[in-house]
Amino acid sequence: MESSIELIRNHILMKGVPEHELEAAVSAMDYMLLSDHDKLITEGEIGDCCYFIVGGKALVSSSNLTARQIALDVLLPGAIVGEIALIMQDKRTADVTAIGQLEVLRLKSVDFYRLAKASPMFHESLLFSSRIRLLHGLLRKTTIWSTIPDAELRGLAEITRISKVKRGDTILTEGELSTQLYMISQGRFQIKRNDRKVDTLASGDCFGEIDLLLDGPYSGTITALEDSELLIIGKEEFHFILQQFEQVHRQFIELACIRHPELIKVLKPKLNSLPHTASSSIPNNKHQHMDRSSAENEQRDKQQGYKKSDHWISIVLSLGGLFILTTICAIWLRHPAWIGAALFIGGLAGPVSFVSFIRGTQLLGYRVSRLALVFIISAITAAPSAFILERLFIFGGWQGSVSKLGSIAEPITVSLIEESLKLLVCILWLRGRKQRFLMDAIVFGAAIGMGFAAVESILYGWTYLQQGTAADMLAVLWVRALLSPFGHGTWTAIAAAGLWYGLHNKNLERSKVNSLIMIGLMVISISLHALWDNEYTGRLLGMIIIGLVGLVLLYLLLKKGMRDEVHALKVMNPIIEEPSAKYAQYRSLSLQADDTASLLCDGCGTVTPASASYCARCGQALRVTR
Ligand SMILES: [Zn+2]
């Protein structure tokens with residue numbers, strides 16, 4: 001008892017609380033002894049008491065919006081935990097687990113209210129602590145503050161206000177300047193600009209930040225879609241936090257850039273003016289390359305959950321296996337059904353494998369179903385249109401079989417027709433600001449090119465089947481499948497990358513250079529295609545050189561695309577860079593969630609690495625629906 005009073009007396013909150021009040025308080029508590037790994041508090045349960053740690057250690061951990069367990073704190077003797085339960089009957093916001101043997105004193109909320117008379121100062125102190133703790137817990141959940149050390153977060157909690165709002169309440173009106181930062185701790189809000197719905201925000205998201213950053217009314221009209229709860233920070237406090245925590249500052253600027261791409265030219269200079277301190281967890285690319293070899297970087301990125309998908313290997317193997325199987329059956333059984341199956345699978349095998357490989361290098365892509373849709377759209381629109389146009393312009397009609405053009409004009413015309421048609425599909429797909437990343441253009445471009453190639457292969461195979469034997473058809477399909485990485489997918493990915501530079505020119509620096517890049521990539525794409533068609537008559541060396549030039553260029557574009565994605569992911573999720581090393585030794589106690597799985601952003605449909613808390617494409621908080 002004496003030692004317990006001693007511990008409680010030393011607690012910062014209990015300064016000035018008279019001795020007899022402390023004694024009365026301690027006598028109202030029950031003593032409990034827990035063993036290693038025992039749970040003192042379970043997240044989500046309704047609490048009715050708080051605990052004073054008097055011996056041993058305890059780990060506080062919580063799952064955030066993405067259901068990842070994060071270690072928040074290690075409690076030592078003298079600490080108070082669970083006091084929110086004293087002011088409100090609410091769910092526990094964290095797990096508390098014993099590390100080794102743990103001794104605690106339990107104070108039930110009924111006893112706490114009785115103490116209001118016997119120990120008024122003790123009562124007041126604990127009430128104050130509960131309020132701060134409540135806000136602290138809520139701020140931890142809105143993960144934008146996750147890089148701020150615990151002690152400072154407590155300070156932030158002291159200047160944060162909780163506000164309950166009713167469904168239908170308008171928090172901000174378009175044209176009105178926000179003077180506060182609003183964070184959503186619970187509920188859903190709608191953003192409207194120019195009377196158009198732009199976004200829905202939910203717990204973990206914030207608004208008003210851009211008004212504070214740029215001193216202008218940018219937020220739009222914000223209305224509560226349900227009864228909700230907001231955490232509010234004033235303008236001066238907001239700017240103070242940004243000054244103190246560079247990472248948080250970068251995160252808010254990135255968010256503003258995502259929400260208002262038209263303001264990038266104003267916002268980027270702000271970003272560049274931020275100091276690059278040694279402890280900065282967002283190193284610029286030059287630094288990164290000087291400091292660490294790329295192998296080390298890759299290793300680190302993998303550990304942090306930037307795991308590239310290797311799903312494509314199984315797709316290549318299974319499609320290849322199926323093609324071999326149908327080829328054997330077609331030769332052996334000579335049944336039209338097997339020949340048809342071999343034709344279909346042979347046409348798809350190369351293109352689908354190539355697209356899934358390119359998709360595997362993407363970190364922030366959309367769902368695969370969207371890619372399949374693009375592939376099919378290109379197959380049923382661009383490919384038949386090209387067939388018709390080529391009949392008309394090159395062969396002079398449906399029946400013609402001999403080209404009217406010379407050996408130089410023909411491949412150029414073919415290339416121009418086919419590349420323009422595929423590029424048209426790309427334009428339909430890539431305009432709109434949701435295709436934020438260069439990788440989007442490369443991946444969708446590859447799918448559009450390969451949808452085209454699949455139909456072309458099947459048509460070629462069909463022609464050979466009509467004019468020759470099934471063996472001729474199979475031979476041509478195998479050659480085309482094996483050569484497919486050199487063809488349409490690569491050319492269209494390169495052209496689409498060029499298109500992306502053109503479409504996003506106003507959001508990028510150096511607009512003249514970008515226009516040149518756009519024209520250059522498109523010209524290269526068309527030239528590679530024309531040269532390839534020209535050499536197709538049998539000059540193997542020429543084909544290999546042309547194919548390799550295309551692949552090397554594609555590789556360079558992929559590298560650039562991946563760098564952009566990793567950068568965006570890191571800026572929006574600085575916590576990925578700094579796993580809470582302080583609590584690393586307790587990981588086995590707290591980590592259960594699968595770190596390698598992916599999350600789906602419900603704002604934009606991006607598949608995001610599970611280690612992230614914010615979507616790098618649309619800036620919304622990632623949440624798992626429980
Ligand atoms: Zn998103």
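This is a predicted model: local features need pLDDT of at least 70, side-chain atom pairs count only at pLDDT 80 or more; totals for chains, interfaces and linings use all residues.
1. Helix 18 covers residues 470–483, 14 residues in total, and its first and last C-alpha atoms lie 20 Å apart.

2. Which residues of helix 18 are buried? They are Met473, Leu474, Leu477, Arg480 and Ala481. These residues lie on the same side of helix 18, because they cover an arc of only 135 degrees around the axis. The general rule is that an α-helix has 3.6 residues a turn, so residues three or four places apart point the same way. As for partners, the buried residues of helix 18 pack against helix 13 (311–333), helix 14 (336–360) and helix 17 (438–467).

3. Four strands build it, in the order 7-14-9-12, with antiparallel pairing. Strand 7 (161–165) and strand 12 (206–207) are the edge strands; each has a single partner strand, so one side of each has no neighbour in the sheet. For background, strands of a sheet pair through backbone hydrogen bonds, either parallel or antiparallel.

4. The pairings of strand 14 can be followed residue by residue. Strand 9 (residues 180–186) and strand 14 (residues 228–234) are antiparallel and joined by six bridges. Within this pair, tyrosine 182 is opposite isoleucine 232, and methionine 183 is opposite leucine 231. Strand 7 also runs antiparallel to strand 14, with five bridges between them; here serine 163 faces leucine 230 of strand 14.

5. A helix covers part of this sheet. Helix 8 (residues 235–244) lies across strand 9 and strand 14, and runs at about 75 degrees to strand 14.

6. Strand 10 deserves a separate point. Strand 10 (residues 188–193) pairs with strand 11 (residues 196–202) in the antiparallel sense, over six bridges. The two strands form a hairpin with two residues between them. Where does the bridge partner of arginine 193 lie in strand 11? The partner is arginine 196. In the turn, asparagine 194 has a positive phi of about 50 degrees.

7. Strand 10 is also joined to strand 13 (residues 221–224), by four bridges and in antiparallel fashion. In this pairing, lysine 192 stands opposite threonine 221 of strand 13.

8. Some totals for the chain follow. Its secondary structure consists of 23 helices and 16 strands. Of the 626 residues, 41% are buried. Among contacts with a separation of 6 or more, 74% are between residues 24 or more positions apart.

9. The average pLDDT of the chain is 83, and 86% of the residues score at least 70. Over residues 277–292 the pLDDT stays under 50, and the model has 18 contacts there beyond four places in sequence. The pLDDT is also below 50 over residues 589–595, a stretch with 17 contacts in the model beyond near neighbours in sequence.

Notes. Residues are numbered from 1 along each chain as its sequence is written. Two strands pair if DSSP finds at least two bridges between them. Two residues are in contact if their C-beta atoms, placed from the backbone, lie within 7 Å. Axes are lines fitted to C-alpha atoms, for helices over the stretch in contact, and angles run from 0 to 180 degrees between N-to-C directions. The expected span of a helix is 1.5 Å times one less than its number of residues. A residue is buried if 20 or more other C-beta atoms lie within 10 Å of its own, exposed if 12 or fewer, and partly exposed in between; C-beta atoms are placed from the backbone. The arc is that of the directions from the helix axis to the C-beta atoms. pLDDT is the predictor's confidence in each residue, from 0 to 100.
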